[in-house]
Amino acid sequence: MANVRDSDTSLWLHNKLGVSNDSWTGGSICSQLNGEVLRNIKDCFPDLQTQVKLKLLLSFFHIPRRNVEEWCVELEEILEVAQVDSEQWVSMLAEIMKTFPSTGSLNTEIGSIDENRRIFSDLVNDLRKLVKKQNDLGMLPLECHYLNKSALVSVVGQQPAPTKHFTLKRKPKSAALRAELLQKSADAQNNLKKS
Amino acid sequence: IKLISDAGYQGEITSISTAAQQIEVFSRVLKTSISGFLQNTEDWQGTVEECSKMVCHGQHTYVYSQVLLQVLSQEARGGFNMKRLSQEITRCAQQNHHDVTPITMALNGAAGYPQACQALTSMLSRNALNPADITVLFRNYSAADPPPIDLIRTPQFLELLVDSLFKPGVKLNPEHKPKYIYLLAYAASVCETAARKGQTRKTVNKEELKPTIQAIEKVHDICNINKGSTELIAELSILYQCIRFPVVSVGVIRWVESTVTEPSYFKLCTEQTPIHLALLDEVVTCHLLLHSKVLQLLIQLFESKQDELEILVQLEMKKMLLDRMVNILSRGCVVPVVKYIKQCWQQGDTDISLIRYFVTEVLEAIAPPYTPEFVNLFLPLVENEEITGTMRGDGENDPVSEFIVHCKAHFAAL
């Protein structure tokens with residue numbers, strides 16, 4: 001792949017990434033990437049199909065970390081070209097991913113491209129109001145099931161008690177069962193000690 | 001499509017692939033869907049499913065939406081609802097066999113901790129733990145300046161740890177086992193307070209780490225050996241004590257689930273209430289947050305085919321399961337339980353004597369004041385002639401009549 005011309009690179013990418021409409025991508029092209037190929041990709045990037053552009057950027061997630069560090073400059077250059085792409089999805093994805101080669105994290109402060117900033121901040125601002133308003137929804141993060149009381153409070157604060165739908169006038173049968181089982185347990189332990 | 005969307009008719013755009021073509025249209029449809037999740041408490045599973053489908057349409061829509069949810073989950077008020085939505089969507093993507101681990105790790109701040117990040121990524125991508133990566137994490141989290149606790153609080157990782165420690169038949173290398181236990185206990189018990197202004201280091205409070213480790217160890221030892229109920233009964237007080245730790249309870253649920261869903265479990269069981277299910281009562285009593293997990297398991301058992309049991313024995317088993325459901329109900333998980341029983345009745349595939357049994361048990365346990373929501377759900381069951389006809393006396397002194405009279409007097413509108 002090292003000495004191919006632009007047209008070959010774009011044909012290769014098209015064959016690899018452009019055939020299905022599904023934008024979920026594995027890392028199938030990653031093993032064939034290197035600095036040279038990435039520079040070629042940067043040059044032919046603007047002329048690729050939207051689908052191919054998106055899948056190419058998304059395949060960066062599958063490049064082993066040490067390679068990402070090695071090709072950081074090349075990857076960032078592609079992302080720079082992609083950020084000013086006329087297709088808004090490509091531009092947005094590139095802005096989200098622009099910090100990925102150097103830090104390994106995604107950029108959540110969308111704002112360097114005007115159109116991206118407008119779309120993203122409109123969405124965030126509208127939803128933020130709703131999120132604040134519906135804060136008692138009670139949908140706790142899944143890890144909360146595991147947390148000791150104090151750890152839980154440190155994560156989500158004190159939770160409201162559940163609605164009291166009735167008064168309990170009699171203990172459920174399971175309370176009697178519990179007492180009975182504990183008695184049996186004590187007997188069993190005594191028997192074990194004796195034997 | 002953009003014009004339909006511009007005119008505000010997001011609901012009309014039903015095809016996700018059409019909506020996903022333009023980011024602006026997708027953003028609006030996504031907004032409608034997330035708003036739906038935030039406002040619909042009735043059927044949150046339904047709204048989560050719908051939202052996940054849209055987000056997982058493509059990998060680019062997934063990345064975009066998860067960045068959005070990450071930003072929203074930072075909100076001090078209500079942000080954790082968004083974190084949950086994000087987790088549910090992640091889970092859905094994984095069920096569809098998409099490897100989203102690198103995206104998750106690029107959003108949770110793991111990148112600043114390369115060793116921990118790499119170890120976690122390798123295990124989460126394969127959805128399996130291994131001693132080498134666990135050892136790396138153990139070293140990191142027992143060091144003086146450990147990585148942020150959020151990394152190991154990834155739900156998938158916690159599930160894997162619980163599976164390997166509590167699922168019957170899993171054998172861990174004894175040399176590495178303490179590391180698994182340490183990491184699970186660490187995630188469950190350590191409190192991390194973010195660094196205040198002027199301070200560079202976060203504070204890490206490990207006060208409860210040791211007792212949590214001990215509790216996991218004890219119960220792991222009990223669950224790991226396939227004990228008969230006579231041997232188990234001797235361990236009961238230890239189990240009851242340790243169940244107070246939520247993380248142990250999650251493990252006990254996992255263990256009980258695997259044990260009682262064995263095809264021959266109920267056939268071989270001699271007690272009226274098997275000890276495994278009695279343990280679930282204790283979990284329910286101690287932990288509000290685990291109610292829905294336990295209820296899910298009880299429902300699964302209630303609906304399971306037990307063809308090898310005689311009809312009468314099957315009915316007795318179901319009554320025993322209803323006793324467990326009445327217990328959850330009495331501990332505060334009211335609406336989901338009554339809704340489920342009501343659904344059983346409406347579908348007509350549950351023996352009516354079982355519905356009657358449930359109604360009787362509930363009526364004997366409860367007293368006013370009732371909430372309108374509860375009355376709305378429960379009254380139709382109580383009023384139904386087929387269910388309660390034989391339970392009513394001549395006057396108004398039986399529980400059925402008393403409940404109906406009370407509701408009519410206090411909830412005129414119903």
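Colleague: What share of the 195 residues in chain A is buried?
Modeller: This is a predicted model, so local features need pLDDT of at least 70 and side-chain atom pairs count only at pLDDT 80 or more, while totals for chains, interfaces and linings use all residues; side-chain values use heavy atoms, with hydrogens and water left out. Residues are numbered from 1 along each chain as its sequence is written, chains are lettered from A and ligands numbered from 1 in the order written. Buried means under 20% relative accessible area, exposed means over 50%, and partly exposed is in between (1.4 Å probe, protein chains only). By that rule, the buried share of chain A is 47%.

Colleague: And what share of the 414 residues of chain B counts as buried?
Modeller: The cut-off is the one just given. For chain B, the buried share is 55%.

Colleague: What radius of gyration does chain A have?
Modeller: The value is taken over C-alpha atoms, and the globule rule is 2.2 Å times the number of residues to the power 0.38. A compact globule of 195 residues would come out near 16 Å. The C-alpha atoms of chain A fill a box of roughly 85 × 50 × 30 Å along the principal axes. The radius of gyration of chain A is 28 Å.

Colleague: Why is helix H3 of chain A largely enclosed by the rest of the structure?
Modeller: H3(A) covers residues 50–59. Its buried residues include Val52(A), Leu54(A), Leu56(A), Leu57(A) and Leu58(A). Lys53(A) and Lys55(A) are also buried.

Colleague: How much area do chain B and chain A bury between them?
Modeller: Buried area is the accessible area (1.4 Å probe) that two parts lose on being put together, summed over both. Carbon and sulfur atoms carry 66% of it. The total is about 8100 Å².

Colleague: Which three residues supply more of the area that chain B buries against chain A than any other three?
Modeller: Contact means heavy atoms within 4.5 Å. The contact takes 75 residues from chain A and 101 residues from chain B. A 9% share of chain B's buried area comes from Gln59(B), His60(B) and Phe80(B).

Colleague: Which residues of chain B does Ser105(A) touch?
Modeller: Ser105(A) lies in the loop between helix H7 (100–103) and helix H8 (114–133) of chain A. At 18% relative accessibility, Ser105(A) counts as buried. Leaving aside neighbours within four places in sequence, its contacts include Thr99(A) and Phe100(A). From chain B come Ala106(B) and Ala111(B).

Colleague: Is His97(B) buried or exposed?
Modeller: His97(B) sits in the loop between helix H6 (79–95) and helix H7 (101–107) of chain B. Its phi is near 65°, a positive value in a residue other than glycine. Relative accessibility is 74%, so His97(B) counts as exposed.

Colleague: What is the relative accessible area of Asn127(B)?
Modeller: Asn127(B) is in the loop between helix H8 (114–126) and helix H9 (131–141) of chain B. Phi is near 55°, a positive value in a residue other than glycine. Asn127(B) is partly exposed, at 45%.

Colleague: Which residues does the cis peptide bond join?
Modeller: Look in the loop between strand S3 (366–367) and helix H22 (372–383) of chain B, where Pro369(B) lies. Omega of the cis bond is about 0°. The bond joins Pro368(B) and Pro369(B).

Colleague: How far apart are the centres of the positive and negative side chains of chain A?
Modeller: Lys and Arg count as positive and Asp and Glu as negative, with His and the chain ends not counted. Each charge is placed at NZ of Lys, CZ of Arg, CG of Asp or CD of Glu. Chain A has 25 positive and 24 negative side chains. The two centres lie apart by 21 Å.

Definitions and conventions:
Helices (H or I, at least four residues) and strands (E, at least two) are DSSP runs, numbered from the N terminus.
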